[in-house]
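Subject: Structure for you to look at

Hello,

Please find the structure below, followed by notes on what was found in it.

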Amino acid sequence: MHKFEFVDLGDLFNLASTYVPKVNPEYATDIIGVVERFERLRPVDTKFGEKNIVKFKICDARNSHYVTAWSRMAETTDRLYQDDLQKLVIVILASVKLQTFNKSVQISILPSTKVYFNLEDNVVNEFRKRLNREGYVSNDTVVPTNSVSDSVHVIETVTLKELVEKTSTKYSKMNFMCSVKIKKVQTGDTWWYDCCPKCHEKLNEFEGMFKCPNCKLTIPVTEKRYRIMIIAEDSTGVANVNLSDRAVKRLVGKSATNMVDELGEGVTKSSIPQLIMDVAEKDVTLNIAISDDNVLINSTLYNATDAYPSKNSKPSSSESVQKIEDSTLSSCGDVSYFFFENFTPYL
C-alpha cells in the first residue's frame with residue numbers, strides 16, 4: 001500500500017523557500033501531476049561532460065512546471081515512461097527534496113525517491129477524476145468524441161448570487177469558481193475526522209478502535225482530514241461553505257495529520273486551532289461543486305473542493321519567477337535530480 005503527502009504544484013516555491021537551512025532541507029515531499037510533452041532520453045554537453053536528460057511538463061489543470069531529469073534519474077524516468085493513448089499519464093514524484101535555485105524550484109532526489117507513472121492506486125484515480133471534473137484536456141492528447149471530457153463543462157466564475165440561482169438539475173455535479181472573502185470560521189463542530197489511509201472513507205469508531213466501512217478492515221493508524229465550515233461573502237451575498245481537506249490544507253499550509261501531531265495530546269476535535277481561525281478575512285477563490293441537495297431541495301450549504309488565492313490577492317513569489325536559460329540547467333555536476341523551471345499558471 002502506498003501513502004503520499006502531496007504538495008500542490010502552485011505551492012512548491014513558497015514551501016521550498018521556508019526550509020532552513022535551504023542547502024539541506026530535512027523534509028521529503030510528494031508531487032503529483034499529469035505529464036505533457038515528454039521528451040525521450042538524450043545526451044547534452046555540459047562543462048562536466050556529456051550528461052543524459054529527460055524533459056517533460058507536469059500540470060494539474062491550474063499550474064504547470066517544466067521538468068528536467070538528469071543523469072541516473074533521467075535514465076530511470078525514461079525507462080519507466082510509456083505513452084498511453086487511452087488515458088492521461090499521471091506521474092508521482094515520491095520522497096523528493098525541495099530547494100530554491102535562482103528563483104525557481106530544484107527537486108533533488110533522496111535514497112528513498114521513486115517515480116511512478118499511472119500507478120494503480122486510489123490517489124491516482126481520484127486525481128484523474130478531478131482533472132475530468134475541471135475539464136482538463138492534455139495539450140498532447142486528441143480527445144475522442146466519445147471521451148468523458150466531452151461532457152465536462154469548463155469551470156465558470158460566478159458570484160454567490162449567481163451560484164444560489166443554479167437550481168436546475170442540469171447544474172448538479174458541476175463546478176463553479178467563486179471569489180469571496182472568508183468572513184468567519186464556524187465553531188461548535190469538529191474540525192477534523194479520522195479516515196482510511198487507503199480509500200479515505202470516514203472511519204467508524206467503536207471502543208477505541210477504528211473500522212473502515214468500505215474496506216471492512218480495522219485501521220490501526222488513521223489518516224486525519226479537515227472538515228471546516230465557513231461563512232463566505234462577496235458583494236452579492238453570503239453563503240455557508242464546507243471546505244474540503246484539500247481546500248483547508250492549501251489555506252493553512254499543512255495537513256490535518258501534521259497539525260494534530262504538532263498540537264499534542266491536549267488536542268480535541270471541537271477546539272479549532274488558531275491557525276485555522278486565522279483564515280477569516282482572507283480573500284480566496286473557491287472551487288464549489290453543486291450537490292444534489294443544492295438543486296433538489298435548494299440547499300444553500302455548498303461544498304468547496306479547493307481554495308486558492310483570489311486574483312486580487314498579492315502574487316506569490318513563484319508567480320513572478322524569471323525563466324532560467326538552458327545554459328543554467330546544464331551547470332550541474334555528477335548529480336541525479338529533477339529541475340522545475342519557470343512556474344506558470346496553467347491556461
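**Helix H5**

In helix H5, the residues Asp-245, Ala-247, Val-248, Arg-250, Leu-251 and Val-252 are buried. Buried stands for under 20% relative accessible area, exposed for over 50%, and partly exposed for what lies in between (1.4 Å probe, protein chains only). H5 covers residues 245-252, and because six of its eight residues are buried, the helix is largely enclosed by the rest of the structure. Helices (H or I, at least four residues) and strands (E, at least two) are DSSP runs, numbered from the N terminus.

**Basis of the notes**

This is a predicted model, in which local features need pLDDT of at least 70 and side-chain atom pairs count only at pLDDT 80 or more, while totals for chains, interfaces and linings use all residues. Residues are numbered from 1 along each chain as its sequence is written, and side-chain values use heavy atoms, with hydrogens and water left out.

**Overall**

The protein has nine helices and 16 strands. Of its 347 residues, 48% count as buried. Among contacts (heavy atoms within 4.5 Å) with a separation of 6 or more, 67% are between residues 24 or more positions apart.

**Cores**

A nonpolar core is a set of buried Ala, Val, Leu, Ile, Met, Phe, Trp, Tyr and Cys residues joined through side-chain atoms within 4.5 Å. The largest one has 37 residues, and Leu-163, Trp-191, Ile-230, Leu-243, Ile-276 and Leu-286 have the most contacts inside it. Elements that each supply at least two residues of this core include helix H4 (160-164), strand S7 (175-185), H5 and strand S14 (283-289). S7 gives the most, with five residues. Apart from this core lies another, of 25 residues, among them Ala-74, Tyr-81, Val-115 and Phe-117.

Which residues does Leu-286 touch, not counting those up to four places away in sequence? Among them are Phe-176, Met-177, Cys-178, Val-180, Ile-230 and Leu-243.

**Strands S2 and S3**

Strand S2 (residues 49-59) runs antiparallel to S3, and seven bridges join them. Two strands pair if DSSP finds at least two bridges between them. Ile-53 has Trp-70 in S3 as its bridge partner. The hairpin of S2 and S3 has three residues between the strands, and Ala-61 there takes a positive phi near 80 degrees. Seven of the eight residues of S3 (residues 63-70) are buried, so this strand is largely enclosed by the rest of the structure.

**Salt bridges**

The structure holds 14 salt bridges, each a side-chain nitrogen of Lys or Arg within 4 Å of a carboxyl oxygen of Asp or Glu.

- Glu-281 and Lys-183 form one, with the closest N and O atoms 3.5 Å apart. Glu-281 lies in the loop between helix H7 (274-277) and S14, and Lys-183 in strand S7, so the pair ties together parts 98 residues apart in sequence.
- Asp-194 and Lys-269 meet in another (3.2 Å, N to O). Asp-194 is in strand S8 (residues 192-195) and Lys-269 in the loop between H6 and H7, so parts 75 residues apart in sequence are tied together. Asp-194 counts as buried because its relative accessibility is 5%, whereas Lys-269 is partly exposed at 28%. Asp-194, Lys-224 and Lys-269 are linked in a network of salt bridges.
- Glu-262 and Lys-254 also meet (2.5 Å, N to O). Glu-262 counts as exposed at 54% relative accessibility, and Lys-254 as partly exposed at 24%.

Regards
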